[in-house]
Amino acid sequence: SAAEKGGYAWFMQKEIAEQPRALADTLLGRVDESGRLSLDEMRLSDDELREIDKIVVIACGTAYHAGLVAKYAIEHWTRIPCEVELASEFRYRDPILDRQTLVVAVSQSGETMDLLMALRHAREQGSRVLAICNTNGSTIPRESDAVLYTHAGPEVAVASTKGFLTQLVACYLVALYLGQVRGTKWGDEVTAVVRDLAAMPEKVEKVLEAMEPVRELARSLVDARSVLFLGRHVGYPVALEGALKLKELAYIHAEGFAAGELKHGPIALIEDGLPVIVVAPSPRGRSLLHDKVVSNIQEVRARGARTIVIAEEGDEAVVPYADHLVRVPASPVLLQPLLTTVPLQEFACELAAAKGFDVDQPRNLAKSVTVE
Ligand code: G6P
């Protein structure tokens, strides 16, 4: 009913709007003002956390994209090597696992069979498994050694939104906590980022307040046959997630690419009028990367693409090459996906609705896939 949907036409819209709250709830009680984290609930002792020499993140679908972002954060803040793998591939290739490996299993529902089978395999090899999950008492946390719950509240729409953003937060918390426990050369940065994390719900709210032009753009693209998404560094998994959302909801062919790979193949796809959505990296800090992505935007536009650029406030370099510009507030580089994902969710949701499709129950998909 309309009441259940909080006045929105679709659960997905309601769940997108709930994201600031979901993020705040996931941080609640875990972060203090001084920038210290307490995650005792995880049931992994500091000694166990100090023994870890490798991290493997496993997940499916949207949760896999959270894992891809986690790799950047984990390796940067902890210096522990981290791999990310689709759960459905992981156990069939004889992965190298032992007691020093921490396997992080990310799942909104906690019932995804591919992931359950993968984590069972990891535990048989003696690895410790930490679940990041949104559903209390579901199978995946029950079968794991430890769990960190996301507090997104129930997610009804098949396409994950607040589930994804809270998974990102949980991954950041794990990475930062490992940094805190083990000590890292980024000690000061870790404390600063913990404080910045607490400011993210408000920034997501700012992004949400500015979404009408994105919805208008989506409605203007109902006849698009294909849409490309480009990103780099943590913007790359965001591009993959934007493409996945568009496929799932609007049944439009969509691909996400690492912007640096454009010249190695995808640029051949660019033709007149093709919408290309670019997640621009922050112009601060890693400015070399930013310059390269600005060149990519120029290159695709010169070949006729219609460029839609998601960029940080104050990033003026992208302005001349953006047919449409979507602004997000400035944030630490690794936290940017919490902001840049939101316009892509809105875009897919609105486009699917404009095509008259069932946004909450897309064809052929299930909210939780309990078969392998
Ligand atoms: C299904 C859903 C996706 C979801 C994936 C993983 O395919 O349609 O939206 O990302 O499962 O779900 P999980 O509950 O494990 O996060």
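Visitor: In what order do the strands S6, S7, S8, S9 and S10 form their open sheet?
Guide: This is a predicted model, where local features need pLDDT of at least 70, side-chain atom pairs count only at pLDDT 80 or more, and totals for chains, interfaces and linings use all residues. Residues are numbered from 1 along each chain as its sequence is written. Strands (E, at least two residues) and helices (H or I, at least four) are DSSP runs, numbered from the N terminus. The pairing in this sheet is parallel, and the order is S7-S6-S8-S9-S10.

Visitor: Which strands of that sheet stand at the edges?
Guide: Two strands pair if DSSP finds at least two bridges between them. Each edge strand has a single partner strand, so one side of each is left without a neighbour in the sheet. The edge strands are S7 (253-258) and S10 (324-328).

Visitor: In S7, what is the bridge partner of Val 227?
Guide: S6 covers residues 226-231 and pairs with S7 in the parallel sense over six bridges. Val 227 has its partner in S7, and that partner is Ala 254.

Visitor: By how much are neighbouring strands turned against each other, on average, in the open sheet S2-S1-S3-S4-S5?
Guide: Here too five strands form an open sheet, and the pairing is parallel. S2 (82-86) and S5 (146-149) stand at its edges, each with a single partner strand, so one side of each has no neighbour in the sheet. Axes are lines fitted to C-alpha atoms, for helices over the stretch in contact, and angles run from 0 to 180 degrees between N-to-C directions.

Visitor: How many residues of S1 are buried?
Guide: A residue is buried if 20 or more other C-beta atoms, placed from the backbone, lie within 10 Å of its own; it is exposed at 12 or fewer and partly exposed in between. S1 is mostly covered. Of its six residues, the buried number is five.

Visitor: Which residue of S2 stands opposite Ala 59?
Guide: S1 and S2 pair in the parallel sense over five bridges. Five bridges also join S1 to S3, again running parallel. On the S3 side, Lys 54 stands opposite Thr 101. On the S2 side, Ala 59 faces Leu 86.

Visitor: At about what angle does H6 run to S3?
Guide: H6 (residues 113-124) lies across S1 (54-59), S3 (101-107) and S4. To S3, H6 runs at about 165°.

Visitor: Within what arc do the buried residues of H2 fall?
Guide: In H2 (residues 19-27), the buried residues are Gln 19, Pro 20, Ala 22, Leu 23, Thr 26 and Leu 27. They line one face of the helix, because the arc, taken down the axis of H2, is 165°.

Visitor: Which residue just after H2 takes a positive phi?
Guide: The phi value is about 75°. The residue is Gly 29.

Visitor: Are H2 and H10 roughly parallel or antiparallel to each other?
Guide: Their axes come within 8 Å and cross at roughly 175°. Angles under 35 degrees count as roughly parallel, over 145 as roughly antiparallel, 65 to 115 as roughly perpendicular and the rest as oblique. H2 and H10 are therefore roughly antiparallel.

Visitor: Which residues of H10 make the contact with H2?
Guide: Two residues are in contact if their C-beta atoms, placed from the backbone, lie within 7 Å. H2 contributes Gln 19, Pro 20, Leu 23 and Ala 24. H10 contributes Met 200, Pro 201, Glu 202, Val 204 and Glu 205.

Methods: The arc is that of the directions from the helix axis to the C-beta atoms.
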